[in-house]
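Please examine the following structure together with its sequence. The paragraphs below then lead through selected parts of it, beginning with a single residue.

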Amino acid sequence: MANIMIQQGASGGLVFYLPKRDLEASIESIEFDTPEKWGGELKLDNGGTYFIDPIAKPARLPISLRAKRLGAAED
Amino acid sequence: MTTLSREETDALIAEVLEVYPEKAKKDRTKHLAVNDQTIEQSKKCITSNRKSLPGVMTIRGCAYAGSKGVVWGPIKDMIHISHGPVGCGQYSRAGRRNYYVGTTGVDTFGTMNFTSDFQEKDIVFGGDKKLAKLIEEIEELFPLNKGISVQSECPIGLIGDDIESVSKKAAKAIDKPVVPVRCEGFRGVSQSLGHHIANDAIRDWVLDKRDGQPFEGTPYDVAIIGDYNIGGDAWATRIILEEMGLRVVSQWSGDGTIAEMMNSPRVKLNLLHCYRSMNYISRHMEEKYGIPYIEYNFFGPTKIIESLRKIAAFFDDSIKEKTEAVIARYQPMMDAIIAKYRPRLEGKKVMLYVGGLRPRHVIGAYEDLGMEVIGTGYEFGHNDDYDRTIKEMGDATLLYDDVTGFELEEFVKKLKPDMVGSGIKEKYIFQKMGIPLRQMHSWDYSGPYHGYDGFAIFARDMDIALSSPVFGNLVPPWKKAAEEVKKAA
């Protein structure tokens, strides 16, 4: 599990940030994106995938969450 | 010197790396790259923020340097204790030229060195008591201090002293913030982790201490974040922002105070200059207080105008109008500077190797003077820095991360730039090679370089360095005479 932050990107999409490793990547897809259920599997543009427990859609971004790493980006 | 093509630059990297043993070569290859503007993500071409190889000459600092030297040190009304042996604090004191207003030793303490001066017995029996006594003494001798920070040096982490409990007790006793910072030098691969640790310490011990207290705000409150006032940079920045009609509530951390930091959560917009060292706290404020942050660049008129409009876009029309008025007012001054210096500097090539934000931020200023940056690199940058750099640099230029002494020398020998922008450790190597160098860490004891006023000084300094007659006298007269005689014959 790792602490991550999800924020609104300048170009409209969501941006994933992992403070521990200073990793910034845009989120390509999010599994659930409805007002009551938001989260699930996150696919990043660097090839990594992370999982966050689905929650109600946060009223304001950025938000800090705990995420599980499913597949690491190659590096 | 003509600009190299992509293949030639690739060949140059391969040639320079030839001398390394196989394993070192493999590692260093990942840190050197030819810039390709089409790449979106820097990690595809360059690796950064990795441990330096043992045996090569790196000029990185340590976590203590990142915390005490960079982020905490410039906060002028606090006393920063270098907790541990005397050297770390003594050899780094007052070297960074982050200017401040105040009477040193009375109400400000920027250039002074406070240390617990660890001896053998403190390592063996622990230094907690010494620290407690030291804080007591400080309070007695310097009663106008507004707080104390304890910057750990390596031994503190090694012997496991509990500076947090001492700090908490002392804070209660003296009724001022006492901030323990766990920035032991061995943490992380460079000073970059020290910035992060320092940011986290500010977040945990300082930032929220005035939450809920009354504050008279205006809709135009901003904070300057990540400007360390080297040679007065933050002042030059502040002048412009105030002319735009904004109210600068706090300066982080050049010429800054702890009260300003505590007031920062009330601003409307955070203006982030040094992304590398202060993005952590900006992100935190965005999440906790909903304050957006933007990165700006105050080097050179092109970037200043771009940044001013970007900042103004966050505010109402009155600010936008004033911003345009500011731009219009300074334009003749900028035109005059460019008209004066551009003919003298046009077409000159520069290589940079610095830290923080300058490897990408100063490119615009050089371009305004008609100069070209042919190589750049960060001492301790991360991938997000290189992401931002790729777009600023020309195609097929050289990028080098944590470059070693040998590599940088070889690159300079091969690329033959007219000028190098780096630090004191490189200065005399390259000047003896006949290439002028300007220190881009301390502005070579000049400055400010930020803002409109700074650009005038920047242009003059670059001209001074490049046009100095001394570089025409590198060949001693007796050898020159021999050459002329040969030519004549």
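K416(B) is exposed, with a relative accessible area of 53%; exposed means over 50% relative accessible area, buried under 20%, and partly exposed in between, with a 1.4 Å probe and protein chains only. This residue is placed in the loop between α18 (405-415) and β13 (419-422) of chain B. Helices (H or I, at least four residues) and strands (E, at least two) are DSSP runs, numbered from the N terminus. The phi angle of K416(B) is near 45 degrees, a positive value in a residue other than glycine.

The model is predicted, so local features need pLDDT of at least 70 and side-chain atom pairs count only at pLDDT 80 or more, while totals for chains, interfaces and linings use all residues. Residues are numbered from 1 along each chain as its sequence is written, chains are lettered from A and ligands numbered from 1 in the order in which they are written, and side-chain values use heavy atoms, with hydrogens and water left out.

Is W443(B) buried or exposed? W443(B) is buried, at a relative accessible area of 1%. W443(B) is not a glycine, although its phi is positive, at about 55 degrees. The loop that holds W443(B) runs between β14 and α20 of chain B. P448(B) also has its place in the loop between β14 (437-439) and α20 (451-467). The peptide bond that joins G447(B) and P448(B) is cis, with omega about 0 degrees.

The strands of chain B may be considered next. Strands of a sheet pair through backbone hydrogen bonds, either parallel or antiparallel. Two strands are said to pair if DSSP finds at least two bridges between them. In chain B, 4 strands form an open sheet with parallel pairing, in the order β3-β2-β4-β5. The edges are taken by β3 (114-115) and β5 of chain B, each with a single partner strand, so one side of each is left without a neighbour in the sheet.

Within this sheet, strand β2 (residues 79-83) of chain B pairs with β4(B) in the parallel sense over 5 bridges. H83(B) has S152(B) in β4(B) as its bridge partner. Strand β4 (residues 148-152) of chain B also pairs with β5(B), in the parallel sense and over 4 bridges. There, S149(B) has V179(B) as its bridge partner.

In a regular strand the side chains alternate between the two faces of the sheet. For strand β5 (residues 178-181) of chain B, both faces are covered. V178(B) and P180(B) are buried on one side, and V179(B) and V181(B) are buried on the other.

Another strand pair of chain B involves β6 (residues 221-227), where 7 of its 7 residues are buried. β6(B) pairs in the parallel sense with strand β7 (residues 247-253) of chain B over 6 bridges. In this pair, D227(B) stands opposite S253(B) in β7(B).

Which residues surround T389(B)? This residue belongs to helix α17 (residues 383-392) of chain B and counts as buried, at 0% relative accessibility. Contact means heavy atoms within 4.5 Å. Leaving aside neighbours within four places in sequence, T389(B) is in contact with R360(B), T376(B), Y378(B) and L399(B).

T397(B) is found in the loop between α17 and β12 (398-400) of chain B. T397(B) is buried, with a relative accessible area of 5%. Apart from neighbours within four places in sequence, its contacts are A33(B), V34(B), N35(B), V373(B) and I374(B). T397(B) and L4(B) are 393 residues apart in sequence, yet 7.8 Å apart in space, C-alpha to C-alpha.

Chain A remains to be described. Its secondary structure comes to 0 helices and 6 strands. Of its 75 residues, 41% count as buried. Its C-alpha trace spans about 35 × 25 × 20 Å along the principal axes. In chain A, the peptide bond from L61(A) to P62(A) is cis, with omega near 0 degrees. P62(A) has its place in the loop between β5 (49-55) and β6 (63-71) of chain A.
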